[in-house]
Amino acid sequence: MLVSVRSRGRAWPAVLADMIEGVVRANDLPPHEAARLRNELWQATEDIDAAATAENRELPLAENTEVPQAA
């Protein structure tokens, strides 16, 4: 399964939420395991969230960064 998340022009918390939900859905977890994993992933991303710019809260990528596409 491939999960894609658009980051450009979106608030960082929305991007992060989509990334976490993509991991949960890709693993097809039962509800109680999905909730546990979401909690663990949110806790694990606290440092990443701090790295997002305080001004616009977007994913901190260089302006012309290219992201490789899956084949």
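Q: Leaving aside its neighbours within four places in sequence, with which residues is Ala26 in contact?
A: Contact means heavy atoms within 4.5 Å. By that rule, and with neighbours within four places in sequence left aside, Ala26 is in contact with Met1 and Val3. Ala26 and Leu2 are 24 residues apart in sequence, yet their C-alpha atoms are 7.8 Å apart in space. Please note that this is a predicted model, in which local features need pLDDT of at least 70 and side-chain atom pairs count only at pLDDT 80 or more, while totals for chains, interfaces and linings use all residues. Residues are numbered from 1 along each chain as its sequence is written, and side-chain values use heavy atoms, with hydrogens and water left out.

Q: Which elements does the protein have?
A: Helices (H or I, at least four residues) and strands (E, at least two) are DSSP runs, numbered from the N terminus. The protein has three helices and zero strands, and the order from the N terminus on is α-α-α. Ala26 lies in helix H1, and Glu40 is found in helix H2.

Q: At what angle do the axes of H1 and H2 cross?
A: Axes are lines fitted to C-alpha atoms, for helices over the stretch in contact, and angles run from 0 to 180 degrees between N-to-C directions. The axes of H1 (residues 12-26) and H2 (residues 31-44) cross at roughly 140° and come within 10 Å. That makes H1 oblique to H2: angles under 35 degrees count as roughly parallel, over 145 as roughly antiparallel, 65 to 115 as roughly perpendicular and the rest as oblique.

Q: Which residues make the contact of H1 with H2?
A: H1 contributes Pro13, Leu16, Ala17, Ile20, Glu21, Val23 and Val24, and H2 contributes Ala34, Leu37, Arg38, Leu41 and Trp42. Ten of the residues in this contact are nonpolar, none is polar and two are charged (Ala, Val, Leu, Ile, Met, Phe, Trp, Tyr, Cys and Pro count as nonpolar, Asp, Glu, Lys and Arg as charged, and the others, Gly among them, as polar). The C-alpha atoms of Ile20 and Glu40, 20 residues apart along the chain, are separated by 9.9 Å.

Q: Is Asp28 buried or exposed?
A: Buried means under 20% relative accessible area, exposed over 50%, and partly exposed in between (1.4 Å probe, protein chains only). Asp28 is exposed, with a relative accessible area of 67%. Glu40, at 41%, is partly exposed, and Ala26, at 37%, is partly exposed as well. Of the 71 residues in the protein, 15% are buried.

Q: What phi does Asp28 have?
A: Most residues other than glycine have a negative phi. Asp28, although not a glycine, has a positive phi of about 45°. Asp28 is found in the loop between H1 and H2.
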